[in-house]
Amino acid sequence: MRLARVSVAAAAVAVAWLADLAYACPSCASPLEENRQAFVDTTVFLTVVPLMMMGGFIWWLRRRIRAMEDAREIAVHENLLRDAGPFSKDR
Amino acid sequence: MPDDALGRAFGVPARREPVLPNGVLGMLLFVATEVMFFSGLISAFVIGKSNAVGGWPPPGQPRLPVEETALNTAALLASGVALYFANRAFKNGSPNTKRLLLLAIALGGFFVVFQGAEWVALIGEGLTLTSGQLGGFFYLLVGTHAVHVAAGFIILLYTYSKLSHDDLDRFTFWPAQVFWYFVVGVWPILYWQVYL
C-alpha cells in the first residue's frame, strides 16, 4: 500500500519534471512591450472584475438585509388585509 | 426578532418582503455573465490594438465619428438618468412616471437610430466587418452592445405597456432597470476604448 502511494507520488513528480513551457498565449512572447503589457493588464482586469462583482453584491446584500431588519414589520392577519377597502391586498 | 415575536403573540405569521425578488436575482446573474462577456471582448480588443502594425487606428481606415458619438453617449446616459427618476416617481406614485419612462425610451430609441445612421455612413466609407482589424473589432463590440440596447428598448416598451394598463409592479420594473443600467453603464467604457 505504501509502495503504491510512493509510486504514484514519484510518477506525479516525474510528470511535473517532464513538463515544458507551452506558448499557448500569443502575446506572452511578443517582441512588442506594449503588447506584453496589454496582456498583463487584461489578465489583471479579467481577474478583478468577477471578484469586484461578487464583493459588491455581498456588500449590497448585507446593507439591504440590515435596512430591512431595521424597518420593523407589523404582523397583519390575512382576513384583515382581504377587506381593507382601498388598501385591500387584492387591489 | 420583534416582528416574529409580534406575529407569535397574535398567532399569525409575519408577512415578509423577500430580500431579493427572484426576477431581480435572475437579472443580476444574467448581467454578471454579460459583464464577463463584454470584459472578454474588451480585453481581446485591447490586446489586438496593442499588436497592430503601424499604430492604432490602422492607417488607410476611415476615422470613427468621435464627436457625433459623444452626443449619442450623452443621450444614452440621459436615458439612464430619466429611468432613475422614473423609478423614484413610481415609488412615490407620481403621475410623472409615465412621462419619465417615455423619455428614457425615446432617448434609448434615439441612440439606436443614431448608431444605425452612423453605421450606414461608415459602411459607405468602406469600414466593414472584413475590411480590417478596426472594422472587425468595431462591429463586434459596438454591434454586440447595439443588440443589447435593442433588447433593453423592447423590455422598456413592455414595462411602459404594463404601466399604461396600471399593471406594473416593482418586481417587473426593477429587473428592467437593472438591465438598462447595465446597457447604459457599459457604453462609456466601449466609447472610451473603441472611439478615443
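Colleague: What radius of gyration does chain B have, and what would a compact globule of 196 residues have?

Modeller: Chain B has 21 Å, while a compact globule of 196 residues would have a value near 16 Å. Keep in mind that this is a predicted model.

Colleague: What does the C-alpha trace of chain B span along its principal axes?

Modeller: About 80 × 35 × 20 Å.

Colleague: How many helices and strands are in chain B?

Modeller: There are 6 helices and 0 strands. Along the sequence the pattern reads α-α-α-α-α-α.

Colleague: And what share of chain B is buried?

Modeller: Of its 196 residues, 23% count as buried.

Colleague: What about contacts in chain B between residues at least 6 apart in sequence: how many of them join residues at least 24 apart?

Modeller: 77% of them do.

Colleague: Let's go to helix 6 of chain B. What length does it reach?

Modeller: Helix 6 covers residues 170-195, which is 26 residues. From first C-alpha to last it reaches 37 Å, close to the 38 Å expected at 1.5 Å a residue.

Colleague: Which residues in helix 6 are buried?

Modeller: Among them are Phe173(B), Trp180(B), Phe182(B), Trp187(B) and Val194(B). Pro175(B) and Gln177(B) are also buried.

Colleague: What covers them?

Modeller: The cover includes helix 2 (22-50), helix 3 (66-91) and helix 5 (133-164) of chain B.

Colleague: Take helix 3 then. At what angle do helix 3 and helix 6 of chain B pack?

Modeller: About 160 degrees, with their axes 10 Å apart. Angles over 145 degrees count as roughly antiparallel, and helix 3 and helix 6 of chain B are therefore roughly antiparallel to each other.

Colleague: Is the crossing left-handed or right-handed?

Modeller: Helix 3 of chain B passes helix 6 of chain B in a left-handed crossing.

Colleague: Which residues meet there?

Modeller: On the helix 3 side they include Thr73(B), Leu76(B), Gly80(B), Leu83(B) and Phe90(B). On the helix 6 side they include Phe173(B), Trp180(B), Val184(B), Trp187(B) and Tyr191(B).

Colleague: Where is Glu67(B)?

Modeller: Glu67(B) is in helix 3 of chain B. It counts as exposed because it has 7 C-beta neighbours inside 10 Å. Glu67(B) and Leu196(B) are 129 residues apart in sequence, yet 9.9 Å apart in space, C-alpha to C-alpha.

Colleague: On to helix 5 of chain B. What should its 32 residues span?

Modeller: At 1.5 Å a residue they should span 46 Å. The end C-alpha atoms are 46 Å apart, which agrees.

Colleague: What covers the buried residues of helix 5?

Modeller: The cover includes helix 2, helix 4 (96-124) and helix 6 of chain B. Buried residues in helix 5 include Phe137(B), Phe138(B), His145(B) and Leu156(B).

Colleague: Which residue follows helix 5, with a positive phi?

Modeller: That is Asp166(B), with phi near 55 degrees. Asp166(B) is not a glycine. Most residues other than glycine have a negative phi. Asp166(B) sits in the loop between helix 5 and helix 6 of chain B.

Colleague: Is Asp166(B) buried or exposed?

Modeller: Asp166(B) counts as exposed, because it has 6 C-beta neighbours inside 10 Å.

Colleague: Which peptide bond is cis?

Modeller: The one from Trp56(B) to Pro57(B), with omega near 0 degrees. Pro57(B) is in the loop between helix 2 and helix 3 of chain B.

Colleague: Last topic, chain A. How many helices and strands?

Modeller: Chain A has 3 helices and 0 strands. Of its 91 residues, 4% count as buried.

How values were computed:
Residues numbered from 1 in each chain as written. Chains lettered and ligands numbered in written order. Predicted model: local features only at pLDDT ≥ 70, side-chain atom pairs only at ≥ 80, totals over all residues. Helix = DSSP H or I, 4+ residues; strand = E, 2+ residues; numbered from the N terminus. Expected span 1.5 Å × (residues − 1). Buried ≥ 20, exposed ≤ 12 C-beta atoms within 10 Å, placed from the backbone. Contact = placed C-beta atoms within 7 Å. Rg over C-alpha atoms; globule rule 2.2 N^0.38 Å. Axes fitted to C-alpha atoms, helices over the stretch in contact; angles between N-to-C directions. Parallel < 35°, antiparallel > 145°, perpendicular 65-115°, else oblique. Left-handed = near helix turned anticlockwise from the far one by under 90°.
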